[in-house]
Amino acid sequence: DYIKTIQVLSSIDMDDKSVQYQASGHYFLGDAYYETDRLNKAIHEFQKVITDFPNSSFVNEARIGLGWIYIKEKRYDDAVVVYESLANYTQPGELQNQAKYLLGISLKNAGHSERGDIILEELITTSPNSQFSDNALFELGLGYFDRENYVTAYQKFYQVTKSYSDSDVYD
């Protein structure tokens, strides 16, 4: 329950240096604010994690959350800055794959479809088994469909369905 989380975490003085788990407290409070659509408060909490606890295990999750807020607010250029930094400066793995996926989406929404497609294609090529690769394929298919390139859109959608053996379209 996000409302209860906000009530409990807001009652704790997380700026008191004697409080353990300050970074996680700010992160989870930011997440609860995000989930209850209190985006300015969520931004404040995520930025607090990023600024005050740069070595925390929650800092990259706070960056992801900040980018999600920017996407929700249609501030795509701001989301690009956040996700580009994560994609370029995190270790290879699912966090970097998530950042690349969200970077591609943000670029496409910001009007840079070609660059977004390149990022998504790169994700699929370099990390074909990533949980974000199928999403990237689907987004590429939607982009090709919107640009009326139906054959390529179909090919991308078909690749996604082949990943799911229980799909009706699987052969």
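Predicted model: local features only at pLDDT ≥ 70, side-chain atom pairs only at ≥ 80, totals over all residues.
1. Residues are numbered from 1 along each chain as its sequence is written, and side-chain values use heavy atoms, with hydrogens and water left out.

2. Helix α3 (residues 39–52) packs with helix α4 (residues 59–72) at an angle of about 150°, and their axes lie 9 Å apart. That makes α3 roughly antiparallel to α4 (angles over 145 degrees count as roughly antiparallel). Here the axes are lines fitted to C-alpha atoms over the stretch in contact, with angles running from 0 to 180 degrees between N-to-C directions, and helices are DSSP runs (H or I, at least four residues) numbered from the N terminus.

3. The crossing of α3 past α4 is left-handed, a term used if the near helix is turned anticlockwise from the far one by less than a right angle. On the α3 side the contact (heavy atoms within 4.5 Å) is made by residues including Leu39, Ile43, Phe46 and Ile50, and on the α4 side by residues including Val59, Leu66, Ile69 and Lys72. The residues of this contact divide into 11 nonpolar, 2 polar and 2 charged, where Gly is counted among the polar ones.

4. The count of salt bridges comes to 9, a salt bridge being a side-chain nitrogen of Lys or Arg within 4 Å of a carboxyl oxygen of Asp or Glu. One of them pairs Lys72 with Asp37, with the closest N and O atoms 3.0 Å apart. Lys72 lies in helix α4 and Asp37 in the loop between α2 (22–35) and α3, so the pair ties together parts that are 35 residues apart in sequence. Lys72 is partly exposed at 41% relative accessibility, and Asp37 is partly exposed at 48% (buried means under 20% relative accessible area, exposed over 50%, and partly exposed in between, with a 1.4 Å probe and protein chains only).

5. A salt bridge also joins the side chains of Arg75 and Asp78, at 2.9 Å from N to O. Arg75 counts as partly exposed at 31% relative accessibility, as does Asp78 at 33%. Through salt bridges that share partners, Glu73, Arg75 and Asp78 are joined into one network.

6. Asp117 forms a salt bridge with Lys108, the closest N and O atoms being 2.5 Å apart, and both Asp117 and Lys108 are buried.

Notes:
Helix = DSSP H or I, 4+ residues; strand = E, 2+ residues; numbered from the N terminus. Parallel < 35°, antiparallel > 145°, perpendicular 65-115°, else oblique.
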